[in-house]
Amino acid sequence: MKLLTIIGARPQIIKAAALSRAIRNGFSDKIQEKILHTGQHYDENMSAVFFAEMNIPKPDFNLNIGSGRHGEQTAKMIAGIEQALINERFDAVVLYGDTNSTLAGAVAASKLHIPIVHIEAGLRSFNMAMPEEINRIVCDQLSTLLFAPTQTAVQNLTNEGFMQSKTTFPNGLRRKVFHSGDIMYDNSLYFAEIAEQKTDILERLQLENQDFVLCTIHRDNNTDNPERLSAIIEALLEIAQNTKIVLPLHPRTKKLLPENLLQNIYSKLLNNSNIQIIPPASFFEIIVLEKHSKLIMTDSGGLQKEAYFFRKPCIILRPETEWVEIVQQNAGKIADANKDMIIDSYHKLLKNSSDFMPVFGDGQAAEFMLNKILETFN
Ligand code: UD1
């Protein structure tokens, strides 16, 4: 059978690596995969570096859409994906997560009656102000095969009636939901050792045998909101009085820090010798930074999980999380963009202990998914 994998943003490239690897290693006689890159992320260090490091096949289609307003960006993607799906017959498309590339793939494929496999289905923040919440809800509704990474995600789909759904898709297909485990865990297990050998980031940043905090900020409601961005940076400045902090900067954040911070806070950030601002990290670099950090602060969904995989406490710089298990296990705290809550969480989490129970599966999610894909569409 023939699959089209659609990717566009950094985390999707990472997730797709695990599925492509599993196809190459055990399914290449049964499944042919082609890859379409929308071009949502286009900077070398947001896209190409991941293909190289993780040995992902070069995309067969590249739409080079780039940045833009949500409607404009998504519309261009829909048109490009539609054309690719008309030119060549695919048995199903594989979509990841909740980005505008996911939404575009879901709209284009469903209108052409091509079944959708949604990897990372069922996640909900219950916050419709998040563009990702809109994207994932639409994609779940349009998908035939839904792979939920956690029990909570399965429960969300159950609550929304997915298990009793009367929906019939073209060719008489009915919706199926599976608890698959998290495909990102496959990658973290696979690359954890390799990454250590392939990057000298700790040496370069002079962090060998040093305690440090890893922090990332990129969500629009943090970067685009001066009050929230200031509160987070002020908390960082306070925490940096006693520890080193590494801050890989997403291009969006890099652009907006000088625009949305007061000049004196921005210059304190730039001049703080305990805060190392670096370009977006490669996958190997981020893994090594995660493994060696003492705590992770982030508004990224992916980093929250990777913190948990590597048994690091995590401060969640958002008002809620889809990965509620992390908070339930006492391995993370939701601090939103509240300076006092961030500082308080920092001290509490360093004292707390968590058992880091296995809530993200067994690291074999990709094989499980490929077997279900074959059973469903072959
Ligand atoms: C997107 C996803 C988000 C995901 C994140 C991972 C949506 C709605 N959001 O957010 O779910 O967590 O990717 O990084 O799809 N830019 C560059 N170079 C790049 C890419 C982006 O400079 O290679 C800048 C542009 O100024 C752009 C901004 O970053 O306007 C935002 O990029 P965009 O793709 O809209 O969303 P992300 O914030 O990356």
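**Figure 1. Glycine 39 in its loop.** In this predicted model, glycine 39 sits in the loop that runs between strand β2 (32-37) and helix α2 (48-53). Although a loop is its setting, glycine 39 counts as buried, because its relative accessibility is 4% and the limit for a buried residue is under 20%. Glycine 39 and glutamate 367 are 328 residues apart in sequence, and their C-alpha atoms are 27 Å apart in space.

**Figure 2. Threonine 5 and its polar contact with glutamate 33.** Threonine 5 belongs to strand β1, which covers residues 2-7. With a relative accessible area of 0%, threonine 5 is buried. The side chain of threonine 5 makes a polar contact with the side chain of glutamate 33, at a distance of 2.6 Å.

**Figure 3. The surroundings of the ligand.** The ligand is surrounded by 21 residues, and the closest of these are Gln40, His41, Asp43, Asn100 and Arg252. Sorted by class, this shell has 5 nonpolar, 9 polar and 7 charged residues. Which helices each supply at least two residues of the shell? They are α1 (10-27), α3 (70-87) and α11 (251-260), and α11 gives the most, with 3 residues. Both domain 1 (2-182 + 361-377) and domain 2 (196-351) contribute, since the shell draws at least three residues from each of them.

Figure 4. A backbone N or O atom of tyrosine 42 lies 2.9 Å from an oxygen atom of the ligand, while histidine 250 places a polar side-chain atom 2.9 Å from a ligand oxygen. In the side chain of arginine 252, an N or O atom is 2.8 Å from an oxygen atom of the ligand. Taken alone, the ligand exposes 740 Å², and the protein buries 89% of that area.

**Figure 5. A salt bridge between arginine 219 and glutamate 132.** The structure holds 26 salt bridges, and one of them joins arginine 219 to glutamate 132, with the closest N and O atoms 2.7 Å apart. Arginine 219 lies in the loop between β10 (212-216) and α9 (220-223), whereas glutamate 132 lies in helix α5 (residues 131-142), so the pair ties together parts that are 87 residues apart in sequence. Are the two partners buried or exposed? Arginine 219 is buried, with a relative accessible area of 11%, and glutamate 132, at 18% relative accessibility, also counts as buried. In general, side chains of opposite charge can pair when their charged atoms come close.

Figure 6. Glutamate 133 forms a salt bridge with arginine 136, and the closest N and O atoms are 2.4 Å apart. The two residues are 3 places apart in helix α5, so about one helical turn separates glutamate 133 from arginine 136. As a general point, an α-helix has 3.6 residues a turn, so residues three or four places apart point the same way. Glutamate 133 and arginine 136 are both buried. Through salt bridges that share partners, Asp98, Glu133, Arg136, Arg318, Glu320 and Glu322 are joined into one network.

**Figure 7. The pair aspartate 200 and arginine 204.** Aspartate 200 forms a salt bridge with arginine 204, in which the closest N and O atoms are 2.9 Å apart. Aspartate 200 has a relative accessibility of 37% and therefore counts as partly exposed.

Figure 8. The buried residues are Phe283, Phe284, Glu285, Ile286, Ile287, Val288, Leu289 and Glu290.

**Figure 9. Two asparagines with a positive phi.** Most residues other than glycine have a negative phi. Asparagine 171, although not a glycine, has a positive phi of about 65°, and its place is the loop between β7 (168-169) and β8 (173-174). With a relative accessible area of 76%, asparagine 171 is exposed. Asparagine 209 likewise has a positive phi, near 55°, and lies in the loop between α8 (201-204) and β10. At 85% relative accessibility, asparagine 209 counts as exposed.

Notes:
Residues numbered from 1 in each chain as written. Predicted model: local features only at pLDDT ≥ 70, side-chain atom pairs only at ≥ 80, totals over all residues. Heavy atoms only, no water. Salt bridge = Lys/Arg side-chain N within 4 Å of Asp/Glu carboxyl O. Helix = DSSP H or I, 4+ residues; strand = E, 2+ residues; numbered from the N terminus. Buried < 20%, exposed > 50% of the residue type's maximum accessible area, 1.4 Å probe, protein only. Near = heavy atom within 4 Å. Polar contact = N/O pair within 3.5 Å; in protein donor to acceptor, adjacent residues only side chain to side chain. Areas by Shrake-Rupley, 256 points an atom, 1.4 Å probe, with all protein chains shown as cover. Nonpolar A, V, L, I, M, F, W, Y, C, P; charged D, E, K, R; others polar. Domains from an automatic or database assignment.
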